[in-house]
Amino acid sequence: MELKQAMEVATAELDVRPGFVGDVMAGGRRKHTRRLVAVATAVALLAGVTAGVVLTRLAEQSPDLRLTAAPTGPLAGDAEFIATALHLWNEAQKDEPWKRDEPVTEVSSKPNMFWTGQTPTGPAALVAQQVKVYTSEKPATLVGLVADGKVVNREVVLSEARHREAGLYRFGPTGDQYVVLTLGKTVFWSQSPKRGPDHRLTRTWASAPHDQDGVVFTVVPVDERPVFVRGDSVPQPGDFTQPAIISDDLQPDLPFEPHPGLGWEGNFCATDFPEQNPEQKRSWQRLTMQTVRQELQKRAVLDYVVSWEGTTDWSVCAWLPDGRYALMFESYGELYGALYRPDGTFSASVVGGKVVKGDSAVLPLPDGQGTIVAEFGATVGPQERDNAWLAPAGTKEVTVRQKGVPRVIRLP
């Protein structure tokens, strides 16, 4: 079965426009496309060195076959494209600083392109190169994708931790194109989660068709929240605890870009810290945003958080009248709350409404515990608390002052 037909069969229940896969994969049969840069420049500079990193021929060979495999894919025989892509790869090693998760100390002198493909924005290539790292005595493999005229992303794969390779590359002008490596498993994918009347989410899953080299390519709009899982069995519709494949989008090392949604940063409290015994205080200190998200995902209330768009840079805490602790945060442009008992155990989840940039965040709490009202940089409530206030149950409106200018917020 051809890849186009397989993709259409496997994704029949997903909300993809007719002919989508055909349009994406049609380019894969074209041998000649626009070049990423002029081949003359590429060939001339292909032997460029990597500044700031020792170039050496590493004596110990890694068993990673991608370091020596012949290139495959529609452009595997195109010497001009290969030279161009390898030039871009070498330039990236010279110009881009190593990130926190790239403990590289030495780079071999020879990268190897092992896969080529076509995308709606031009040709793409996967490249592997042997490196030494300070976290292991064994050589590692640096793997990355060259697309859109640059190295989209690169990943250091330790020889003793191959099972932890992400193998996912997201790119394109709007970040809607994905290359995913199967790595000997089945890649399952899903988009557009649905929320039921009980606030629980469900997802429809399908296996993602791949080519003979174990490479999945697809295009999915960002607002459809695509998620990829690598495994042996398809995830259940209401299970949001499977290890999702993520790239480094959760911790971008790029120049700061304003976060979508409210764009706030920081952690604040809507109430004062109450008098508690030492054990209670320690239970709150052990609570992290990752723990909170996992609790809500166990209950299918919160979606997978797999990209920069799904994270939050802010939170608001509050100690409630009945002794519980609440934490409000934002994910994918929606408000969420999590309530915990004094002993630190999970109590309840809250799903708020959509957030609107420039407006206050308002989250009604259950069981008559009041309403959290927050607006960073403002004073909130009659006591003019900084950033956030817990309005008591029965409060109908709250005054928020941003730069001294009052605005009345009506509560539900």
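Two strands are taken as paired if DSSP finds at least two bridges between them; helices (H or I, at least four residues) and strands (E, at least two) are DSSP runs numbered from the N terminus. The structure is a predicted model, in which local features need pLDDT of at least 70 and side-chain atom pairs count only at pLDDT 80 or more, while totals for chains, interfaces and linings use all residues. Residues are numbered from 1 along each chain as its sequence is written, and side-chain values use heavy atoms, with hydrogens and water left out.

Under this criterion, strand β9 (residues 186–190) pairs with β12 in the antiparallel sense over three bridges. Ser190 lies opposite Trp205 of β12. Both strands belong to an open sheet of three strands, ordered β12-β9-β14 with antiparallel pairing. Because β12 (205–207) and β14 each have a single partner strand and stand at the edges, one side of each is left without a neighbour in the sheet. On average, neighbouring strands of this sheet are turned by 30 degrees against each other, direction ignored (axes are lines fitted to C-alpha atoms, for helices over the stretch in contact, and angles run from 0 to 180 degrees between N-to-C directions).

Voids were located on a 1 Å grid over the protein atoms alone: a cavity is a set of points where a 1.4 Å probe fits but cannot get out, a pocket is an open set with protein on both sides within 12 Å along at least five of seven lines, and lining residues have an atom within 4 Å of a point. Grid points are joined across faces, edges and corners, and a volume is the space filled by probe spheres set on the points.

The largest pocket has a volume of about 1400 Å³. It is lined by 48 residues, of which Glu155, Val157, Arg164, Glu165 and Ala166 are the closest to its centre. Strand β6 (150–157) is among those that supply at least two lining residues, and β6 gives the most, with five. By class, this lining has 23 nonpolar, nine polar and 16 charged residues (Ala, Val, Leu, Ile, Met, Phe, Trp, Tyr, Cys and Pro count as nonpolar, Asp, Glu, Lys and Arg as charged, and the others, Gly among them, as polar).

Two cavities of 30 Å³ or more were found in the whole structure. The largest cavity holds about 170 Å³ of space. Among its 17 lining residues, Arg170, Tyr178, Pro226, Val306 and Ser307 are the closest to the centre. β7 (168–171) and β14 (227–231) each supply at least two residues of this lining.
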